Amino acid sequence: MLHSMSTTVEPSRERSAAEVNEEIRALWLRSGGTLSVEQREEYQRLVLEWAAAAPQRVSAA
């Protein structure tokens, strides 16, 4: 049975980009550098959460 993956990021509480980045690093360390299917899904969710929490840079014209 296939399950559709939600494309919205709904963290239980707002975390800083640094907190999310730390979780991403921990995931990679636990995996030994190779992510399972479930870990890849978690990684994708974390990257989206990190991007939403990261400060937005304004480029100069």
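Residues are numbered from 1 along each chain as its sequence is written, and side-chain values use heavy atoms, with hydrogens and water left out. Because the model is predicted, local features need pLDDT of at least 70 and side-chain atom pairs count only at pLDDT 80 or more, while totals for chains, interfaces and linings use all residues.

Q: How many helices and strands does the secondary structure of the chain come to?
A: Helices (H or I, at least four residues) and strands (E, at least two) are taken as DSSP runs and numbered from the N terminus. Counted in this way, the chain comes to two helices and zero strands.

Q: How many residues of the contact of helix 1 with helix 2 are nonpolar?
A: Contact means heavy atoms within 4.5 Å, and the residues that meet include Val20, Ile24 and Leu27 in helix 1 and Tyr43, Leu46 and Trp50 in helix 2. Ala, Val, Leu, Ile, Met, Phe, Trp, Tyr, Cys and Pro count as nonpolar, Asp, Glu, Lys and Arg as charged, and the others, Gly among them, as polar. Beside three polar and five charged residues, the nonpolar ones number 10.

Q: What is the geometry of the rings of Trp28 and Tyr43?
A: The structure holds one aromatic pair, where rings of Phe, Tyr and Trp (its six-membered ring) pair if their centres lie within 6.5 Å, and planes under 30 degrees apart count as stacked, over 60 as edge-to-face and the rest as tilted. Trp28 lies in helix 1 and Tyr43 in helix 2, so the pair ties together parts that are 15 residues apart in sequence. With the ring centres 5.6 Å apart and the planes at 80°, the pair is edge-to-face.

Q: Is Leu46 buried or exposed?
A: Leu46 has its place in helix 2 and, leaving aside neighbours within four places in sequence, is in contact with Arg15, Val20, Glu23, Ile24 and Leu27. Buried means under 20% relative accessible area, exposed over 50%, and partly exposed in between (1.4 Å probe, protein chains only). Because the relative accessible area of Leu46 is 0%, Leu46 is buried.

Q: What relative accessibility does Thr34 have?
A: Thr34 lies in the loop between helix 1 and helix 2. Not counting residues up to four places away in sequence, Thr34 touches Trp28 and Gln39. Thr34 counts as exposed because its relative accessibility is 60%.

Q: What distance separates the C-alpha atoms of Asn21 and Trp50?
A: Asn21 is found in helix 1 and is partly exposed, with a relative accessible area of 28%. Asn21 and Trp50 are 29 residues apart along the chain, and their C-alpha atoms are separated by 6.6 Å.
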